[in-house]
Amino acid sequence: MHRLTKGKLIFLAFLIVASMLIITRHSENRYIENQGNVFGTTYHITYSYTRDLQQAIDQRLGEVDASLSAFNKRSTISAINSGRSLRTDSMFRSVFRLAETVSANTYGAFDITVAPLVNAWGFGFQKQDSVTPAMIHQLLTTVGYRKVSLSPSGDVVKQNPHTQLDCSGIAKGYGCDQVAALFDSLGIKNYLIEIGGEIVARGKNKKNEDWTIGVNTPREDSVQVDNEIAAVLRLTDCGMATSGNYRRFYYKNGRRFAHTIDPRTGYPVQHSLLSSTVIARNCATADAYATAFMVLGVDSARTVLARHPELEVYFIYATPDGRYATWMSPALRRRVVTQK
């Protein structure tokens, strides 16, 4: 048997190490896709990693549901709404404080105390048979973001014991951020997280390009069959959320009722803004502002944006003659790949 010379041994070791690096790199660059159901909607997640993380993803989303879902009778928010407890958890406190900030920045257009009004109009976790002005007047006594706060120990403090909370305008975005935090903790650099249309994008896709996301044309489509794209945007290292009235609505006595409720008046909004897409540093922030802008309408939303240039927006609204028109912030223009 021939002995290996020192030079050959070094070369062989180099080949082994190089092969291991190639295999490792190939494994790390494998893009995995997971999907499932959460928060009454679906999620689709793509990421580059060495192993499938669906179980960890579902566990993290389950923690968000256990904190913020008013449809989960055992959740933190359900206990607060029912009066069983005013104790909170870290997720709830994080969302509550962000909600306070967005509420203050949008003249109260975003308000997690809107729950009784959302329920009254048939879009929440409880149902009402009919709505009257007297009912709305009474419910408004329980609504208002300044009527709730957190104590130094983190408990919820209600000025009115009948005040109820609804985090549906921010929870999906926060869920995206929580999965993103999970990925970041594992050193994952490239991923796209989508929960019910809310998105977090980081790094690059499998083609080593920025992720591209379509914004739907806001056509009345409660069964979500019509998915015509109004614009395609390029995203990376940000969160994006879209809110609109074109898929959640109903007709009663010949009138159309949209799911966006103005917490200041108690009634569904009636203005020209049909779809509000917001891009921000994280998805929870984008989600909350997208909801607020649907309440405010185009003109008032632009007033808010003048004070918050860190937000990028894409609005689709109806013109007086019934056509579609768009307005986007200057910073968002660089993201547009195509626009109808």
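**View 1. An open sheet of 8 strands, in the order E1-E2-E5-E6-E9-E12-E13-E14, shows antiparallel pairing.** At its edges stand strand E1 (31-38) and strand E14 (324-328), each with a single partner strand, so one side of each has no neighbour in the sheet. On average, neighbouring strands here are turned by 10 degrees against each other, direction ignored. Strands (E, at least two residues) and helices (H or I, at least four) are DSSP runs numbered from the N terminus, and two strands pair if DSSP finds at least two bridges between them. Strands of a sheet pair through backbone hydrogen bonds, either parallel or antiparallel.

A word on reading these views: this is a predicted model, in which local features need pLDDT of at least 70 and side-chain atom pairs count only at pLDDT 80 or more, while totals for chains, interfaces and linings use all residues. Residues are numbered from 1 along each chain as its sequence is written, and side-chain values use heavy atoms, leaving out hydrogens and water.

View 2. Start with E6 and strand E9 (residues 238-244), which pair in the antiparallel sense over 3 bridges; here Ala201 stands opposite Cys238 in E9. Axes are lines fitted to C-alpha atoms, for helices over the stretch in contact, and angles run from 0 to 180 degrees between N-to-C directions.

**View 3. The largest nonpolar core has 45 residues.** Helix H8 (residues 283-296) gives the most to this core, with 10 residues. Such a core is a set of buried Ala, Val, Leu, Ile, Met, Phe, Trp, Tyr and Cys residues joined through side-chain atoms within 4.5 Å; buried means under 20% relative accessible area, exposed over 50%, and partly exposed in between (1.4 Å probe, protein chains only). Among the residues with the most contacts inside the core are Leu68, Phe92 and Phe293. Beyond its neighbours within four places in sequence, Phe293 is in contact (heavy atoms within 4.5 Å) with residues including Leu273, Val304 and Phe315. Apart from this core lies another, of 20 residues, among them Ile32 and Tyr47.

**View 4. Helix H9 (residues 298-307) has the buried residues Val298, Ala301, Val304 and Leu305.** Seen down the axis of H9, these fall within an arc of 120 degrees (taken from the directions from the helix axis to the C-beta atoms), so they line one face of the helix. On the other side of H9, Asp299 and Ala306 are exposed. The cover over the buried residues includes helix H4 (90-105), E12, H8, E13 and E14.

**View 5. Asn205 sits in the loop between strand E6 (198-202) and strand E7 (211-216).** With a relative accessible area of 15%, Asn205 is buried. Leaving aside neighbours within four places in sequence, Asn205 is in contact with Tyr31, Asp210 and Trp211.

**View 6. Confidence along the chain is described by pLDDT, the predictor's confidence in each residue, from 0 to 100.** The chain has a mean pLDDT of 86, with 82% of its residues at 70 or more. Over residues 6-27, pLDDT stays under 50. Where pLDDT is low, the predicted coordinates should not be read in detail.
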